[in-house]
Amino acid sequence: MPRIDWRLALKGFAGFLVGLAIWAFLSPVYDRLIAASAEKVMRAFEKPSVTELRPKEDNYVTVDRADFDRRSKQRPAIPIRDLTFNIALLTALFAASKRTFSDRNMGGFVLAIVCLALSHVFGTVAEVMSIYVAKLGMWSTVHYTDLERNVWGVLNHFYRVVLMYAIAFALWWIFRDPGTAAPAAAAKKKKRR
Amino acid sequence: MQRTQVLFLVKFFAILIAAYLLIAWNPVNDHVIVPFTEGVAQVSGALLNAIGQKVTTSGTVISSPKFGVNINNGCNGVEAMLILLASIVAFPASMKARAVGLVLGALAVQFLNAIRIVTLYLLGAYQPRLFDMFHTAVWQVLIILSAIAFFLLWSARVAPNRLATRA
């Protein structure tokens, strides 16, 4: 196997720690932003527009609907931060670059973060829909078909198990600085010289 | 981005979706993924016993009076193996190189995954406050990063020019 460039590996690990810290400290604010955006998207596509996503104190977001009986207190809740920690993967990949702070790499990182945020909105919508179609008992059975249950259930599981990582990897692949490819590639070039 | 790079991404996602649908199919999940996860639990349980933790393993559950973990999909390393599979198969290389990459990569991912399960058990037993953070984010990202790093090393070996100069 090609020689590992430990300097780049270390940069990647530092990027991972920075990403993790950003995710951990900004989650309360970021979760609200994602919940508000997901609510807008859902309301735009549903008739009547009734979905309400309300952030709670404990990093969860309550899923409610204006047409649900207000006397009933029980509402499902989703942990949005479980859908967004791929930020740490993205920062690690962009940091593992020969010219981490080059304009091209940083510009690519910003674009990738914007796209990643859009994917977080999609992940949240899939999470809420998977609750609507299957986890609200008789209400789910009456309002959604088996096909809808399967589609949203699979989409939500797919996002959580692999898609959220694949999206981060693909965004890095698309937006990275072409001159500072991968740790392995850089090591190979170095060896040739 | 060049056409080959776009093609790589298209193939990557197509293979990823196909592989995911295959393992999510109930017969495959019940007869392949669950027994595989039980094997992961057995190995991790043996490692924990080797370092003096008196644990018992039953199915996918590792437990002791101190703590217990149930290894589910998403914690068995299969998700990282899917990323590895999709990236290696999507990358232009010989069948032999792909097979070698897949076998070595899967072994590397599973080695790291065993360490993940052992450390998560130890955190749960002795530092429970840190368990959630490490379970949800830290180890998940590290496992996927290891799969991506392995792919980059492998691709640089099988076709350095394709990745290094056109990336």
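Is Tyr165(A) buried or exposed, and at what relative accessibility? At 1% relative accessibility, Tyr165(A) is buried, where buried stands for under 20% relative accessible area, exposed for over 50%, and partly exposed for values in between (1.4 Å probe, protein chains only).

## Basis of the model

This is a predicted model, in which local features need pLDDT of at least 70 and side-chain atom pairs count only at pLDDT 80 or more, while totals for chains, interfaces and linings use all residues. Residues are numbered from 1 along each chain as its sequence is written, chains are lettered from A and ligands numbered from 1 in the order in which they are written, and side-chain values use heavy atoms, with hydrogens and water left out.

## Chain A as a whole

Chain A contains six helices and three strands; in order from the N terminus, its elements read α-β-β-β-α-α-α-α-α. Helices (H or I, at least four residues) and strands (E, at least two) are DSSP runs, numbered from the N terminus. Along the principal axes, the C-alpha atoms of chain A occupy a box of roughly 70 × 35 × 25 Å.

Of the 193 residues in chain A, 49% are buried. Among the contacts in chain A (heavy atoms within 4.5 Å) with a separation of 6 or more, 62% join residues 24 or more positions apart.

## Aromatic pairs

Over all chains, the structure has 26 aromatic pairs. Rings of Phe, Tyr and Trp (its six-membered ring) pair if their centres lie within 6.5 Å; planes under 30 degrees apart are stacked, those over 60 edge-to-face, and the rest tilted. One tilted pair is formed by Phe85(A) and Tyr165(A), at 6.1 Å centre to centre with 50° between the planes. This pair links distant parts of the chain, 80 residues apart: Phe85(A) is in the loop between strand S3 (77-78) and helix H2 (86-95), and Tyr165(A) is in helix H5 (residues 146-175). Phe85(A) is buried, at 3% relative accessibility.

In chain B, the ring centres of Phe67(B) and Phe131(B) lie 5.3 Å apart and their planes meet at 70°, so this pair is edge-to-face. Phe131(B) counts as buried because its relative accessibility is 16%.

## A cluster of rings and a nearby charge

Ring pairs join residues of both chains into a cluster, including Trp172(A), Trp173(A), Phe12(B) and Trp154(B). The charged end of Arg176(A) sits over the ring of Trp172(A), 4.5 Å from its centre. Arg176(A) also lies over the face of Trp173(A), 4.2 Å from the ring centre. A charge sits over a ring if NZ of Lys or CZ of Arg is within 6 Å of the ring centre and within 35 degrees of the ring normal.
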